[in-house]
Amino acid sequence: MKPLKDYAFVRGVCHNPVTGLSVRELEERLNRELGYCLKLNINSIRFWLVQEEYDRDPAGYMGVIETFISMCRERNITVMPIIWNGNFITDFTEPDDPWYERAR
């Protein structure tokens, strides 16, 4: 049996970047928050991509995500975006073609 890889070096948290801020406010907030990560030896962040935020303002939301990822990369913090995990399903119905088009 092949031994399992040791991922004990991964020190991660879940954190979603805040939307609705100016670029300057976002960068200031992320500098502070990512500074906490460095102090705590956090080296990986997972975050959820929020379809509703994207639908409200596609360019603005992608700007927040790109800024977040870039600032993490500058600090050698890896990121793992979660597209969808199904935690909030209350009444499942099979997605239809318009749903898939919107998600695309």
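The second largest pocket holds about 170 Å³ of space. A pocket here is an open set of points, on a 1 Å grid over the protein atoms alone, where a 1.4 Å probe fits, with protein on both sides within 12 Å along at least five of seven lines. Grid points are joined across faces, edges and corners, and the volume is the space filled by probe spheres set on the points. The structure is a predicted model, in which local features need pLDDT of at least 70, side-chain atom pairs count only at pLDDT 80 or more, and totals for chains, interfaces and linings use all residues. Residues are numbered from 1 along each chain as its sequence is written, and side-chain values use heavy atoms, without hydrogens and water.

The lining of this pocket comprises 14 residues, each with an atom within 4 Å of a point. Gly-20, Asp-57, Gly-60, Tyr-61 and Val-64 lie nearest the centre. Helix H1 (23-39), helix H2 (51-56) and H3 each give two or more residues to the lining, and H3 gives the most, with five. Helices (H or I, at least four residues) and strands (E, at least two) are DSSP runs, numbered from the N terminus.

Mean pLDDT, the predictor's confidence from 0 to 100, is 88 for the protein, and 94% of residues reach 70 or more. Confidence is highest in helix H3 (residues 58-74), at a mean of 95, and lowest in helix H4 (residues 97-103), at 83.

Phe-92 is placed in the loop between strand E3 (78-82) and H4. Its C-alpha lies 39 Å from that of Lys-2, at a separation of 90 residues in sequence.
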